[in-house]
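Hi,

Here is the structure I said I'd pass on.

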Amino acid sequence: MSLLSRRGFLAASAATAASLMLPARVRAQSGRMSLTAATRTIDVRGRAATVWGLLDGAGRSGLVLDPGQAFAVDLTNTLGEATIIHWHGQIPPNAQDGVPDLPMPVLQPGETRAYDFAARPGTHWMHAHIPAHEMMLLAAPLVVRRPEDVAADRQEVTLFLHDFAFKPPAEVLAEITGGASMAGMDHGQMGQGGMDHSGMDMGAMGQGDMMAIPGMDGMAMDLNDYNFDAYLANDRTLDDPEVVQIDKGGRVLVRIINAAAATVFWIDTGILPGRLVAVDGEPVQPLPGSRFGVAMGQRLDVELDVPSDGGAFPILALREGAKERTGVILATPGAAVTRIAEMSEADHPAFSGDLAQEAALRAVTPLPERAPASQPMLMLGGSMMPYIWTINGQTWGTHVPVTAKTGDRVEIMFHNMSMMAHPMHLHGHAFQVVGIGMDRIAGAVRDTVHVPPMGMVTVAVDAGEVARWMLHCHHMPHLSTGMMTEFAVSA
């Protein structure tokens, strides 16, 4: 195998100041931070691609906050069209949550808006809450470090994952949905009930990407409904990956963020022993392993031990149900770094059909035990033809909200009756997974839970601020065709 790469190891190392790698110590920041929604150019297999991004005051992707630092950010839109940013994993005042017209309007070109709230620690991210904009890569990491992160003798690396198409997102959504997409959607105008889905072109859709559901004789789930042009890790493909220099015998915390529009990944740590220590920013009892699944919107913190003799260690993201893969390479000084093929020899297994990982997770700080005031069931439904996805048989605009009184404990059961998985995300709250199928567990605290085909997951949440909070699938084509409701909290 030939040595990497057209940019090369030295170029990659020299560019770490502008990369997504986090230093072992982050110098304390004071005052307000700036964030800009901007156009940028990335290289995808030697071809320049114009995308969008969220850049800090030094032009780097994303934000890193120190322990106890407030989220005091001035966001400026320098794009040519209006957009709005959601702080995924944070619990801001509802007015600052970042959903179009619920309640704040979108941010106009040239406009700056101030955000001020207490930051929730952990690995989080920020992204446009307009599907086509998120698919333009208008997203970035948002890491809030804990005191123990600062005290730990370990290096931090962020692995930010995307699926990417050279076609404009509106065209991709139209191909997937057969014209049913609301790519520039106004959340107040997303009703889809009267749309004609009959003209769907299935040519670009991964209709062959199906896999049997364990325990369900003869039934097959739909894993992938679009074959993207590339799968990116920190904006790069495996033909020219980011190479992160690490220490021999050291410890590394990899903060993994699945910012993809429609792709579930396996994270494969290879020969490095791994421990999953947090999900969606919340610590879990360490779960050992070398392969961990991550759905859209979810985050994983994986701790790795580097051998004393060093080497080069690929950390790969494997596309569920397909051969594609992406990733970064951790390399100690002097290690030989060789090229890795972008395709595996065989399809990677399904993560969607197996809740074993979720069932094994245990929160370090679970919610206090209390009886629920209500236990609503949300039926997740839909189909590939016509391409439409529903919650309790309804799309946004005809939806029936999940209601609660502030302070109440609510247990929501997601019952997926469709043949695709749905990563369900609740705004403004963290919840605990308390049920897998009919079994009760004291699972992870998180904000996005992956519900496999024909699966059932129950979460417990304590209703927060009196407001309308979005509850939706984080698969962008599903969201764009209306798979969203609201968690309506009253006094």
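**Glu320 and its surroundings**

The side chain of Glu320 comes within 2.8 Å of the backbone nitrogen of Phe351. That is a polar contact, meaning a pair of N or O atoms within 3.5 Å; within protein, one must be able to donate a hydrogen and the other to accept it, and residues adjacent in sequence count only if both atoms are side-chain atoms. Glu320 sits in the loop between strand 20 (312-319) and strand 21. Helices (H or I, at least four residues) and strands (E, at least two) are DSSP runs, numbered from the N terminus.

Before going on, the ground rules. This is a predicted model, where local features need pLDDT of at least 70 and side-chain atom pairs count only at pLDDT 80 or more, while totals for chains, interfaces and linings use all residues. Residues are numbered from 1 along each chain as its sequence is written, and side-chain values use heavy atoms, with hydrogens and water left out.

A salt bridge is a side-chain nitrogen of Lys or Arg within 4 Å of a carboxyl oxygen of Asp or Glu. For charge, Lys and Arg count as positive and Asp and Glu as negative; His and the chain ends are not counted. Leaving out residues up to four places away in sequence, Glu320 touches Leu223, Asn224, Val264, His348, Pro349, Ala350, Phe351 and Ser352, a contact being heavy atoms within 4.5 Å.

**Two other glutamates**

Glu134, in helix 2 (residues 131-134), is also buried without a salt bridge, and Arg299, the nearest side chain of opposite charge, is 11 Å away. The side chain of Glu134 does make a polar contact of 3.1 Å with that of His127. Beyond four places in sequence, the contacts of Glu134 include Trp125, Ala259, Ala260, His474 and Met476.

Glu345 belongs to the loop between strand 21 (325-331) and helix 5 (356-360). Buried or exposed? Glu345 counts as exposed, because its relative accessibility is 82%. From Glu345 to Ala322 is 9.9 Å, C-alpha to C-alpha, across 23 residues of sequence.

**Salt bridges**

The count comes to 30 salt bridges. In one of them, Asp305 pairs with Arg251, with the closest N and O atoms 2.9 Å apart. This pair links distant parts of the chain, 54 residues apart: Asp305 is in strand 19 (residues 299-305) and Arg251 in strand 14 (residues 251-258). Asp305 counts as partly exposed at 24% relative accessibility, and Arg251 counts as partly exposed at 38%.

Arg275 and Glu303 also form a salt bridge, at 3.0 Å between the closest N and O atoms. Here strand 16 (residues 274-279) holds Arg275 and strand 19 holds Glu303, 28 residues apart. Arg275 and Glu303 are both buried. A network of salt bridges links Arg145, Asp149, Arg154, Glu156, Arg251, Arg255, Arg275, Asp301, Glu303 and Asp305.

Then there is Arg291 with Asp268, a salt bridge of 3.1 Å, N to O. Arg291 is in strand 18 (residues 291-294) and Asp268 in strand 15 (residues 265-268), so the pair ties together parts 23 residues apart in sequence.

**Helix 4**

In helix 4 (residues 169-177), the buried residues are Pro169, Val172, Leu173, Glu175, Ile176 and Thr177. The buried residues of helix 4 pack against helix 2 and helix 6 (476-480). After helix 4 comes Gly178, with a positive phi near 70°.

**The whole chain, and where to be careful**

The protein has six helices and 33 strands. Of its 491 residues, 61% count as buried. Among contacts between residues at least 6 apart in sequence, 76% join residues at least 24 apart.

The pLDDT, the predictor's confidence in each residue from 0 to 100, averages 88, and 85% of the residues score at least 70. Over residues 1-29 pLDDT stays under 50, and the model has 72 contacts beyond four places in sequence for them. Residues 213-218 are below 50 too, with nine contacts beyond near neighbours in sequence. Where pLDDT is low, the predicted coordinates should not be read in detail.

Cheers

Technical notes
Buried means under 20% relative accessible area, exposed over 50%, partly exposed in between (1.4 Å probe, protein chains only).
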